[in-house]
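Thanks for coming, everyone. I'll keep this short. Please have a look at the structure on the screen before I start.

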Amino acid sequence: MSADRPTMPPVRLPSDAELARDALSSPLFVRAAKLARWAGEGTPVGAGGELFAGQLTTATELLGLTDDEDGPAYTAEAWQHALDTGLVEFAESPEEETETAGEADEDRPSGIATAGEELATLTSGSPADILEIWLGGLENVLADAAAPDLGDIVDQISEGGDLDLDALDWNPEEEADFLDGVLGNLYLLTVLDEGGPDQPVPLPALAASMIVPDDMDEPTDDILEEVSDAMMRLDDQFRMLAPTGLIAYQPVDEALIEEVDGEGHIRESVDGLAAAGPEEEDVTRYGMVALTPLGLYAVRSRMLDAGIDAPAVGDLADERADVLLGALPGHPPLAARAETELWLGRRAPLDAARELLAAARGADDDAPHRRLSCQQTLSLVGAEAEPALREVLDDRELGGLARVWLAEHGAADIPEPDETMVFWLTIDTIAAQLAADGDSDELRALVADLVGRDSGFFDSAWRVDHPATAEVLEAMGRLHPDKKVAKEARKAAFKARSRS
């Protein structure tokens, strides 16, 4: 894989069958399919396939939207969605058939709409076929969501001018990129277990993540104004996207929106809302959004099309153990466990343990982290794996973790490790944690505990024949709060380097 190819953390997705069911039950898709069946074998329509006023009223009644003031608009959107997805097909009529005396141009049929071939796919196609149709429709809705307000276009043209994108303050590529960036941020939060249907993201925080520079401690008034404008833009876009099933969205409270010069603005300041908790501010009034499982599937599909490496949990199930152990450190905890369980589920426990232990060996820079991943993976293997762990008890690189596993599984007759193995395992463990989390608080506490329990720790540690000994001792010097102990650690690191 190219070093400059973007890589995302792995995502946990439901099966295609579950995702297809979600697609079939999404509001916009349901309405589009219902209208496609209503179109049947032939419905006269206007130019481009649009419904006439009387047909729109009938279709609105069919969808049960008559009592909704926006019902006709929702119906028109669903009809267009049916056309976009192939659930409805439109064919223009020959010109002579559309010329009816006394009929107004706007009421004159220009063609026939019929139920499309894709409609049958909804009941007879595979889950992958259904998802392909749904994704195709989503692309059109995303394009519409990134388009400028139709009212602004009408106003500009009615004022006697050609369409001027600069005057609309709209750049198609920038707007599409902004929406893609927002969905990408939502995706990342979700796969890192920091977002999702049970943990929706506040709209102010999402908008701020796109606007506020990372190195800005206090947003300026201009930046806050940009965040507010972005929130209004996203509120409109998310309202349009929610019926597709891509997101779950709680819109901005209408009471917070005021019109200034014909444009909507957040009435109250958004200063501090990006980090506000429920106890500080009712942040839910400013909008809450989450990607659904179907949304995760869709955003991942678009990322893959864009050349982004967006793995899914389960991709490693048939890979070798060394590939698994090399990849697990980049997984969020829940995804790592799910990936591990899928990998183990394809193998007999004893075979899996032997394969993992063999892959964990090595003196390369990644080896300590690989052994830590091996130890974590082996913790999910049952007692059937015990023979594999006993086979490596005398192995300098694996004997320590093997003893840990045997003790955790209540095994008897575990031989005591010698001092050399204890110190080697200690250096290896700290090296792995340094690679995983850097100078973390947890590692700081571990260093203090190790030295506190053994006053002669550094006298023995610098002699350990491990590739990372000097690096680990230097880190202990950085991490230990006692200046005297820190100095001892740095001296030991110097000795370790001199010895090698």
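**Cores, a sheet and a helix pair**

Let's begin inside. The largest nonpolar core holds 75 residues, and the members touching the most others are Trp 79, Leu 87, Tyr 187, Phe 238, Leu 241 and Leu 291. Which helix gives this core its largest share? Helix α7, residues 127-145, with 9 residues. One caution before I go on: this is a predicted model.

Now stay with Leu 291. Leaving out residues up to four places away in sequence, Leu 291 touches Leu 183, Leu 186, Tyr 187, Thr 190, Gly 196, Pro 197, Leu 246, Ile 247, Leu 296 and Val 299.

Three strands form an open sheet, in the order β4-β8-β5, and the pairing is antiparallel. Why is one side of β4 and of β5 left without a neighbour in the sheet? β4, residues 201-202, and β5 stand at the edges with a single partner strand each, so one side of each has no neighbour there.

Take the β4 side. β4 and β8 are joined by 2 bridges and run antiparallel. Here Val 201 stands opposite Val 289 in β8. A helix packs on this sheet too: α9, residues 172-191, which touches β4 and β8. The direction of α9 makes about 75 degrees with that of β8.

Now the β5 side. β5 covers residues 247-250, and β8 covers residues 288-291. The two run antiparallel, joined by 4 bridges. Gln 250 stands opposite Met 288 in β8. Which residues of β5 are on the covered face, and which on the uncovered one? Ile 247 and Tyr 249 make up the covered face. Ala 248 and Gln 250 make up the uncovered face.

Last stop, a helix pair. Two packed helices are described by the angle between their axes and the distance between the axes. Helix α10 is residues 203-211, and helix α11 is residues 221-241. Their axes come within 9 Å and cross at roughly 120 degrees. α10 and α11 are therefore oblique to each other. The crossing of α10 past α11 is right-handed.

Which residues meet there? From α10, they are Leu 203, Pro 204, Leu 206, Ala 207, Ala 208 and Ile 211. From α11, they are Ile 223, Glu 226, Val 227, Ala 230, Met 231, Leu 234, Asp 235 and Phe 238. We have already met Phe 238, in the largest nonpolar core.

Methods:
Residues are numbered from 1 along each chain as its sequence is written. This is a predicted model: local features need pLDDT of at least 70, side-chain atom pairs count only at pLDDT 80 or more; totals for chains, interfaces and linings use all residues. Side-chain values use heavy atoms; hydrogens and water are left out. A nonpolar core is a set of buried Ala, Val, Leu, Ile, Met, Phe, Trp, Tyr and Cys residues joined through side-chain atoms within 4.5 Å. Buried means under 20% relative accessible area, exposed over 50%, partly exposed in between (1.4 Å probe, protein chains only). Contact means heavy atoms within 4.5 Å. Two strands pair if DSSP finds at least two bridges between them. Axes are lines fitted to C-alpha atoms, for helices over the stretch in contact, and angles run from 0 to 180 degrees between N-to-C directions. Angles under 35 degrees count as roughly parallel, over 145 as roughly antiparallel, 65 to 115 as roughly perpendicular and the rest as oblique. A crossing is left-handed if the near helix is turned anticlockwise from the far one by less than a right angle, and right-handed if clockwise.
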